[in-house]
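Let us walk through this model one element at a time. Keep the sequence and the 3D view side by side.

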Amino acid sequence: MSKRRSAIQIMALGRSELFLAISSALGLTKVDAEEPSPVAKPTTFEDQRALRILLAEDSQDNRLLIQSYLKKAPYRVDIAENGEIAVEKFISGEYDLVLMDVQMPKMDGYAATKMIRKWEGEQRVSATPIIALTAHALQEDILMSLDAGCTAHLTKPIMKATLMEAIYEHTESSVMA
Amino acid sequence: MIQKGDAKQSEKIVVQVDAELEDIVPVFLENRCGDIKAMSLALEQSDYETVRILGHTMKGVGGGYGFDAITDMGQSIEQAAKKKDSEEIRKLKGELSTYLERVEVVFE
């Protein structure tokens, strides 16, 4: 807080608040430190850059839901119906983020994530954030996805706000770069 | 999302859903009717793994569309399938069927 703001605020204080402010300044009353202001998040989709997202999900319902959540965002969403297709698309494409369902036919999300991480290691490219999506809420399931190489984990059913926040959080550093 | 009415079997269950999902909710509800048929078939063949997967998928998707009751029923179906409890699965299948008949979606 700047000195100028402090002075202006004290002028607007009532008697009890003024007493508290003075006793705080004299060290007689402990007041909580001001919370650091959080990093400003984009409030509209226009504030966000066009991300390339790979959505690996076998459930049509969940694919439609996530696509619907993201339809107003400037994102390009590619679909993979199983882990095998997800690995193929990841290798041949270029993505800022992967949303990886864990339970999928042919190749599950854990195996697909491990293959992606192995490929990234061989190619010496930086790791793309992979967010695991599971209907399991158990701690061991979360640990399994992290062990496989996922960056984060979201528990289904996925709510729009949770998804948007996770996408923002895990692509923020690349936005800043 | 608000769900009202539980007292009578004939009463409508009103579920308020985000208008953004209006295009996809009919498909979602149709797919649940498909789940009931698939569950009946799996039960006939004592294929509890298929029933478990159906329940698991329902659990993972219902709430996202605004149908928390479907998530809850999916979870119960998944648990019953793990125990190979055919009687409980039939009961839950009936509950899901009644729910789908009574549900009335209001988009807002």
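Start in chain B with helix α1 (residues 25-44) and helix α4 (residues 86-102): their axes come within 11 Å and cross at roughly 155°. The axes are lines fitted to C-alpha atoms over the stretch in contact, with angles from 0 to 180 degrees between N-to-C directions. Helices (H or I, at least four residues) and strands (E, at least two) are DSSP runs, numbered from the N terminus. α1(B) and α4(B) are therefore roughly antiparallel, a label for angles over 145 degrees. Their crossing is left-handed: the near helix is turned anticlockwise from the far one by less than a right angle.

This is a predicted model, where local features need pLDDT of at least 70, side-chain atom pairs count only at pLDDT 80 or more, and totals for chains, interfaces and linings use all residues. Residues are numbered from 1 along each chain as its sequence is written, chains are lettered from A and ligands numbered from 1 in the order in which they are written, and side-chain values use heavy atoms, with hydrogens and water left out.

Which residues of α1(B) and α4(B) make the contact? α1(B) supplies B:L29, B:R32, B:C33, B:I36, B:M39, B:S40 and B:L43. α4(B) supplies B:S86, B:I89, B:R90, B:K93, B:L96, B:S97 and B:L100. Contact means heavy atoms within 4.5 Å.

Now turn to B:M58, in helix α2 (residues 48-65) of chain B. B:M58 is buried, with a relative accessible area of 0%. Buried means under 20% relative accessible area (1.4 Å probe, protein chains only). B:M58 touches residues including B:R32, B:M39 and B:L96, not counting residues up to four places away in sequence. B:D35, in helix α1 of chain B, is also buried, at 10%.

Move to chain A. Five strands form an open sheet there, ordered β2-β1-β3-β4-β5, with parallel pairing. Two strands pair if DSSP finds at least two bridges between them. The edge strands are β2 (76-80) and β5 (152-155), each pairing on one side only. Neighbouring strands are turned by 20° against each other on average, direction ignored. Inside the sheet, four bridges join β3 (residues 97-101) of chain A to β4 (residues 130-134) of chain A. A:M100 has A:A132 as its bridge partner in β4(A).

Finish at helix α3 (residues 60-70) of chain A. Eight of its eleven residues are buried, so α3(A) is largely enclosed by the rest of the structure. Among them are A:L65, A:I66 and A:Y69.

Terms used
Angles under 35 degrees count as roughly parallel, over 145 as roughly antiparallel, 65 to 115 as roughly perpendicular and the rest as oblique. Buried means under 20% relative accessible area, exposed over 50%, partly exposed in between (1.4 Å probe, protein chains only).
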